[in-house]
Amino acid sequence: MIDIQQRLKTIFQKERLVFWYDDNEALKNEFDAIKLEDVTKLEIDNNEFGIKRQLLSLQPNNKFLIYSPTKAPQDEDNWLLDLNIANYMFSADKTSLILQNIGLDVSFKEFVAKFDKFFAARSRLEALRAMINEKQSIDTLALKMMAVSIGSDDNIDSIMLRVFDDNKYFEILKKYTLHVEFFQAVKTKYTYDGESVKELLHKLFQNHFYYAIDKSKCTLNSDARLFMKSWMDSSRHKESFEQISNEISDELNIENIIADTDTSKVIHCDTYKKCDQVVISALLSKLDNDSINTAEMAKIINTREHTFWFENYENIYKALLSASLLLDFVKETKLTMKSFEDGIQEYSSHWY
């Protein structure tokens, strides 16, 4: 729990008068135990006029902690209302102390109160406080809390990549009841409306896949495709993409889906390893039945050269291009010679 005395000491570095209304004197013992240098403690007990005179006339430059064992009265009955408004109102319930410690106002109280487990550790609270800024909103606060919990940057892309790397990070979010905020942030950015990491992955991969195959079947927005692109380009998270792509390919039986798809569309798709396998198989068939020339072959391979799985199949693509070049050469070359010497010359110059 946050140290009340230390918190008050910090507040008095900037404030002269601090008012503390403690409903049902729940923290009266804590108030009695507080000792702050150069701060006078006063207790409200039907003595409001005398307190106001002491604060404003008798000791106008001194620091005071003014405590009430009850909640603040209604404005029309509050003799100290003007001083309350003009000075610092301290609250020592757990949530209020958390807000004061991390520098947030009372508008965040209802939200913060939902996350007792997250705020139970001083290390998380201090890490969060270091990230708080003046433009804080509930949505950005939730992202920062998730980031602190799993050690990521405070944006939904980084948080998702962390969760996809290892399911234990999603379990941490669940432990601190932040999983609802996780899916809300995903919905806001990517239009995914669900509460399952596995389903989210399926949607992301299929959205990326169908953008090349059949755009009418895309269920997420363009930001989702950009996320997939950044994931594929990330050296840090590349392995998780490969593993999850292969798992989803098997789970959704992608091989059968691609089998019924025009190869000319698959050429531009690299969501799954099966895409390359289909393209390679199609090129081999075209080569076998003499329905593709070297220029067309090179153009397709050049397109694949910039895709995710290309390095896995680079040697096969090179072999296909070499085979195409050889077959074109054979078709275009007339193996005739005028003499034995001419044959030797042609061989050493071209035929070899």
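Q: Are α1 and α5 parallel, perpendicular or oblique to each other?
A: Keep in mind that this is a predicted model. The axes of helix α1 (residues 4-11) and α5 cross at roughly 45 degrees, coming within 11 Å. Angles under 35 degrees would count as roughly parallel and 65 to 115 as roughly perpendicular, so α1 and α5 are oblique.

Q: Which residues of α1 and α5 make the contact?
A: The crossing of these two helices, α1 and α5, is left-handed. On the α5 side, the contact uses L97, Q100 and N101. From α1 come I4, R7 and I11.

Q: Is S96 buried or exposed?
A: S96 sits in helix α5, which covers residues 94-102. Skipping residues up to four places away in sequence, S96 touches S91 and K109. Its relative accessible area is 8%, and the cut-off for that class is under 20%, so S96 is buried.

Q: How do α9 and α11 lie relative to each other, oblique or antiparallel?
A: Helix α9 (residues 156-165) and helix α11 (residues 179-190) pack with their axes 10 Å apart, at an angle of about 125 degrees. Roughly antiparallel needs an angle over 145, and roughly perpendicular stops at 115. That leaves α9 and α11 oblique.

Q: Which residues of α11 meet α9?
A: The crossing of α9 and α11 is left-handed. α9 brings I156, D157, I159, M160 and V163 to the contact. Their partners in α11 are F182, A185, V186, K189 and Y190.

Q: Is T177 buried, partly exposed or exposed?
A: You'll find T177 in the loop between α10 (168-175) and α11. Its phi is near 55 degrees, a positive value in a residue other than glycine. Most residues other than glycine have a negative phi. As for accessibility, T177 comes in at 36% relative, between the 20% and 50% cut-offs, so T177 counts as partly exposed.

Q: And D290: buried or exposed?
A: D290 is in the loop between α17 and α18. D290 is not a glycine, yet its phi is positive, at about 60 degrees. With a relative accessible area of 52%, against a cut-off of over 50%, D290 is exposed.

Q: How far apart are the C-alpha atoms of I301 and E314?
A: I301 belongs to helix α18, and at 9% relative accessibility I301 counts as buried. Leaving out neighbours within four places in sequence, I301 is in contact with L283, F310, Y317 and L321. Along the chain, I301 and E314 are 13 residues apart, and the separation of their C-alpha atoms is 9.2 Å.

Q: At which residue does α19 bend?
A: The bend in α19 is about 30 degrees. The residue where it happens is I316.

Q: Which helices do the buried residues of α19 pack against?
A: The buried residues in α19 are F310, Y313, Y317, L320, S324 and D328. Two of these, F310 and Y317, are also in contact with I301, a residue of α18. The helices that the buried residues of α19 pack against are α17 (273-288) and α18 (294-304).

Notes
Residues numbered from 1 in each chain as written. Predicted model: local features only at pLDDT ≥ 70, side-chain atom pairs only at ≥ 80, totals over all residues. Heavy atoms only, no water. Helix = DSSP H or I, 4+ residues; strand = E, 2+ residues; numbered from the N terminus. Buried < 20%, exposed > 50% of the residue type's maximum accessible area, 1.4 Å probe, protein only. Contact = heavy atoms within 4.5 Å. Bend = angle between axes of the 7 residues up to and from the residue. Axes fitted to C-alpha atoms, helices over the stretch in contact; angles between N-to-C directions. Left-handed = near helix turned anticlockwise from the far one by under 90°.
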